[in-house]
Amino acid sequence: MVIEIDTGSGFCFGVTRAIGKAEEELQNGQPLYCLGDIVHNDREVERLRAAGLITIDHEQFSALHDANVLLRAHGEPPSTYEQALRNNIHLVDATCPVVLHLQERIKREYDNDPRHHKQIVIFGKRGHAEVLGLVGQTAGTAIVIETPEEATCLDFQRDIALYSQTTKSLDDFRQIVEYIRSHIASTATFTYYDTICRQVANRIPHIQDFAAQHDIILFVCGHKSSNGHALFQECSRANARSFMIEHPSEIAQHKELIDMLHTYPVHEERPLSIGICGATSTPKWLMAACKEEIEKYLSHA
């Protein structure tokens with residue numbers, strides 16, 4: 001048996017930067033709060049909680065005064081910064097530079113249209129932390145669409161400016177662009193901006209190739225990770241023998257996976273090949289722990 005951990009999986013730049021900032025601040029010995037889970041992975045959140053990071057929600061944030069608060073990579077709307085100023089809160093801003101640049105572009109779009117005739121449309125997941133930060137740049141007026149099908153609800157008699165959450169599908173974004181382009185009225189304008197992070201988007205073809213190269217795929221990610229669920233779908237398309245787990249302890253719970261480990265037929269000239277990969281919110285140490293769990297399980301089987 002050969003077990004390979006995908007070198008292209010694991011934290012994206014923005015998450016790595018946010019966690020690095022948290023660890024650096026925690027070394028100062030002062031209480032550090034984080035507004036929302038720093039990453040959509042419970043195991044990594046638990047690790048940082050043990051190091052002293054305190055996760056809070058917006059209601060708790062509004063009641064804080066004279067404290068240090070980390071803003072995670074997803075970014076925050078202007079109202080969060082205004083609240084921090086009122087409550088004398090020191091912000092450790094770990095907003096991903098890609099997200100921050102997108103926020104600034106959307107705010108300029110909104111400010112440059114004082115009559116707000118233009119529809120600012122964001123292709124993203126409603127309620128997602130990044131999307132809430134983007135909508136906040138428009139005083140809550142931006143229209144969020146989650147799928148290409150929802151583009152049918154736009155007013156094609158009015159100008160449209162289309163943006164995207166940084167982690168959405170490039171193919172879906174292009175479908176939306178083509179649909180709007182073919183339906184926009186001749187008296188209206190349509191501008192669109194491909195604001196999808198390439199570090200994330202490029203993982204789709206990479207993970208498809210990785211999944212196809214192995215007999216079995218173990219996909220490791222937190223249950224709350226939108227990116228993780230999207231990437232797992234790509235794994236499953238490329239390899240039907242793909243299994244999603246959040247923690248090494250879940251491996252033994254997958255009877256189908258365990259049966260495959262013992263009975264999956266392979267050619268004599270090569271061993272059984274298992275690939276381990278994950279989302280942009282999956283720490284490398286967790287994927288390594290899953291590899292160790294498989295090896296330990298088989299050594300006692």
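Angles under 35 degrees count as roughly parallel, over 145 as roughly antiparallel, 65 to 115 as roughly perpendicular and the rest as oblique. The views below show a predicted model, in which local features need pLDDT of at least 70 and side-chain atom pairs count only at pLDDT 80 or more, while totals for chains, interfaces and linings use all residues. Residues are numbered from 1 along each chain as its sequence is written, and side-chain values use heavy atoms, with hydrogens and water left out.

**View 1. Helices α1 and α2 pack against each other.** The axes of α1 and helix α2 (residues 42-50) come within 11 Å and cross at roughly 15° (axes are lines fitted to C-alpha atoms, for helices over the stretch in contact, and angles run from 0 to 180 degrees between N-to-C directions), and α1 and α2 are therefore roughly parallel to each other. Ile-19, Glu-23 and Leu-26 of α1 meet Glu-44, Arg-47 and Leu-48 of α2 in this contact, where contact means heavy atoms within 4.5 Å.

**View 2. Four strands form an open sheet.** The strand order is β3-β2-β4-β5 and the pairing is parallel, two strands being paired if DSSP finds at least two bridges between them; helices (H or I, at least four residues) and strands (E, at least two) are DSSP runs, numbered from the N terminus. At the edges lie β3 (53-56) and β5 (90-93), each of which pairs on one side only.

**View 3. Helix α1 (residues 13-26) lies across the sheet strands β2 (32-35), β3, β4 and β5.** Its direction runs at about 140° to β5, whereas helix α4 (residues 78-86), which touches β2, β4 and β5, makes about 145° with β5.
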